[in-house]
Amino acid sequence: MPAKKNKKKKSAGARPPTTDADALRTSPTHDAADAAKAGYAASSVDGCFISVTGNPRADRWLWGAEELCDGLEDEDMPEISFDPSTGMLSAVNVQAYPQSFTISVTGSAAQTAKGRQGALSPGSTTSADGTVRPCITFMAIVPACTILDLCKLKASMVAPEDIDSDIQKLSPHADPDVAPLPHHRRLVFPLGAMSAPKAAAGEDAEEAAARLAAAKDALAAKTAEMKALKEQLASVEAEVKAQEETVAALSAARHHDPATASPLPEGWLCTQEQGAGFTHHFAGNHHAVDFRTGDGDTLVLSATDGVVTNVSVENTVTGVHVSNYFKWNSISIAIPDGGVAEYVHLHPHSARVKVGDTIKAGDPIALSGAVGFCPEPHLHFQLLASGDSKAASLPFTFAAADGGEFIPHAGAWYTASGRAKP
């Protein structure tokens with residue numbers, strides 16, 4: 001990921017948009033179909049408002065756009081403009097090339113955001129100390145020499161520290177349509193269902209709980225009466241542990257919530273495909289894919305053979321704040337014939353491997369999570385040309401059960417066998 005840039009934030013005068021208001025009122029909304037065309041699932045970006053064109057006719061939440069004079073490069077003009085007299089928040093690109101703007105508004109101010117057609121719903125962000133705050137994030141590719149009016153905020157609720165941003169020159173992949181190399185084809189699908197301990201035939205959660213209570217009673221009795229018999233004590237402790245795992249597994253199955261838990265083995269939803277307009281429009285992540293998971297309840301599997309070169313699972317932040325871009329958890333594995341596989345947003349402290357370990361395709365390496373910039377828990381998987389921070393992404397395919405291969409597309413469900421039904 002590119003390094004964070006701390007941008008100036010100054011007030012600027014209000015500007016009337018140069019677009020035709022009547023034409024804008026009849027333009028299509030940025031709905032699920034629009035998201036699908038841009039390569040991501042609309043249900044996976046809560047709290048984020050996205051414009052891949054910088055065109056209010058395409059993205060109706062935008063207030064307007066204004067072209068600047070050709071060649072204008074006024075260093076005193078703010079890149080992030082907030083006008084207290086109107087409440088307008090704007091992205092200002094004075095450069096002669098497109099730029100990617102990510103702007104977050106937090107706290108009470110985030111709950112006052114209004115687009116051209118009405119209120120904009122915020123998401124949230126959670127800091128390392130566990131503090132949860134409302135947060136709304138605007139992600140826009142702003143054309144050269146253009147001012148993009150994003151939203152209106154209630155000025156009395158906006159403090160300077162409520163607005164943060166990251167601005168990058170748009171650097172698309174030099175060869176996005178290149179074919180995958182032979183050793184980057186038919187990779188192992190990188191997700192697997194957790195295996196629950198088996199209960200006795202016909203056993204339900206209540207019976208398992210009774211067995212757990214009995215095991216604990218036996219443990220207490222044996223501890224008091226037979227302290228010297230360490231072998232027997234260890235056996236009872238093992239029985240307690242096994243019954244606790246059984247109760248937890250049965251309880252999880254009984255209270256399974258499809259909205260928050262990982263899907264059952266029939267598939268995982270691809271929420272962002274290769275080259276998608278949400279975040280996969282840079283050279284370093286163009287060929288990445290995202291899959292919706294639960295937080296800590298899905299196995300992440302190595303897609304390739306290789307050697308572990310990086311393990312970073314200490315971060316805990318989550319949500320849609322721009323600063324979370326730079327605080328993700330990940331594992332990197334170097335592939336013998338070239339390239340590096342990267343697995344991102346992993347659950348804190350869930351790594352099952354360490355740097356230097358030799359891995360086989362299909363080995364469990366961690367648990368899924370929601371660490372970093374995450375509107376929801378998901379796995380971000382990609383191949384890179386090298387371990388360098390500026391390395392370009394590489395194309396790949398996954399192996400299908402019929403011996404073929406597949407590339408995931410947003411809105412479809414997948415398993416290790418290929419495309420599946422939700």
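A salt bridge is here a side-chain nitrogen of Lys or Arg within 4 Å of a carboxyl oxygen of Asp or Glu. Keep in mind throughout that this is a predicted model.

With that rule in hand, select Glu405 and Arg185, whose side chains meet in a salt bridge with an N to O distance of 2.7 Å. The pair joins distant parts of the chain, for Glu405 lies in strand β26 while Arg185 sits in the loop between β12 and β13, 220 residues apart. Glu405 is partly exposed at 29% relative accessible area, and Arg185 is likewise partly exposed, at 31%.

Next, select Glu376 and Arg292, which form a salt bridge at 3.0 Å, again N to O. Here too distant parts of the chain are linked, with Glu376 in the loop between β22 and β23 and Arg292 in strand β15, 84 residues apart. Glu376 counts as buried at 15% relative accessibility, whereas Arg292, at 23%, counts as partly exposed.

The structure holds three salt bridges, and another of them is found by selecting Asp357 and Lys354, whose side chains meet at 3.1 Å, N to O. Lys354 counts as exposed, with 54% relative accessibility.

Return now to the loop between β12 and β13 and select His184, which is found there. Is His184 buried or exposed? At 0% relative accessibility, His184 counts as buried. Show what surrounds it beyond its neighbours within four places in sequence, and His184 is seen in contact with Ile335, Gly338, Gly339, Leu383, Leu394, Pro395, Phe396 and Thr397.

From there, move to the largest nonpolar core, which has 31 residues, and select Phe291, Tyr343, Ile365, Phe381 and Phe398, those with the most contacts inside it. Strands β14, β15, β19, β20, β22 and β23 each supply at least two residues of this core, and the largest share, three residues, comes from β23. If you centre the view on Phe398 and leave aside its neighbours within four places in sequence, its contacts include Arg186, Phe189, Phe291, Phe381 and Glu405. A second, separate core of 26 residues can be located by selecting Leu89, Ala109, Ala113 and Val158, which are among its members.

Finally, select the cysteines, where the count comes to zero disulfides.

Methods
Residues are numbered from 1 along each chain as its sequence is written. This is a predicted model: local features need pLDDT of at least 70, side-chain atom pairs count only at pLDDT 80 or more; totals for chains, interfaces and linings use all residues. Side-chain values use heavy atoms; hydrogens and water are left out. A nonpolar core is a set of buried Ala, Val, Leu, Ile, Met, Phe, Trp, Tyr and Cys residues joined through side-chain atoms within 4.5 Å. Buried means under 20% relative accessible area, exposed over 50%, partly exposed in between (1.4 Å probe, protein chains only). Helices (H or I, at least four residues) and strands (E, at least two) are DSSP runs, numbered from the N terminus. Contact means heavy atoms within 4.5 Å. A disulfide is a pair of cysteine sulfur atoms within 2.5 Å.
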